[in-house]
Amino acid sequence: MSDEKNLSDDLNDMLGDAKDGAKKAANKTSEKAKEFAEDAKEAASEFAEEVKEVLSDGKNVAIIAHITLIGWVIALVMNSSNKTELGSFYIRQVLGIGLIGLILSFIPLINVIGWILVLILWIMSLVGALSGEKKLTPMLGAHFQDWFKAL
């Protein structure tokens, strides 16, 4: 019977040690989870600040406006939620350049020259957008700003 009592005491001691170890592991895991959660929260707030900074300058909207018709629509939507002067400027410029290209494409003998002209105007506008400066399109840029001022 004493062997059973010793065995029972040993088992109780081992069970107690296992419970203590489990509590320590749980506490350590809980502390690590809290640290991880704090790090994740901090990283999320930093990311949110960076996103606000990127969208606030308008340069990205201006560049996106130059990437096909779909890019122009995306830039228009992005600019509608957070209007920036630079973004609006280049949305109007690209719309004007695109319309000039569309109009010139219907004139039979001028369409090839017209598309080359439109390509040159588009490249000049894109360079201005990449530099973050408002550069008017030669000849009609001021008119584009006036005609499409609602954008």
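Student: At what angle do the axes of H4 and helix H5 (residues 111–131) cross?

Tutor: This is a predicted model, in which local features need pLDDT of at least 70, side-chain atom pairs count only at pLDDT 80 or more, and totals for chains, interfaces and linings use all residues. Residues are numbered from 1 along each chain as its sequence is written, and side-chain values use heavy atoms, without hydrogens and water. Axes are lines fitted to C-alpha atoms, for helices over the stretch in contact (heavy atoms within 4.5 Å), with angles from 0 to 180 degrees between N-to-C directions. The axes of H4 and H5 come within 8 Å, and they cross at roughly 170 degrees.

Student: How is H4 oriented relative to H5?

Tutor: Angles over 145 degrees count as roughly antiparallel. The crossing at roughly 170 degrees therefore makes H4, relative to H5, roughly antiparallel.

Student: Which residues of H3 are buried, and why do they line one face of the helix?

Tutor: Buried means under 20% relative accessible area and exposed over 50% (1.4 Å probe, protein chains only). The face turned away from them carries exposed residues, including Leu 69 and Val 77. The buried residues of H3 are Gly 71, Trp 72, Ala 75 and Asn 79.

Student: Which element has the lowest mean pLDDT?

Tutor: pLDDT is the predictor's confidence in each residue, from 0 to 100. The chain mean is 81, and H4 has the highest mean among the elements, 90. The lowest, 72, belongs to helix H1 (residues 2–56).

Conventions
Helices (H or I, at least four residues) and strands (E, at least two) are DSSP runs, numbered from the N terminus. Angles under 35 degrees count as roughly parallel, over 145 as roughly antiparallel, 65 to 115 as roughly perpendicular and the rest as oblique.
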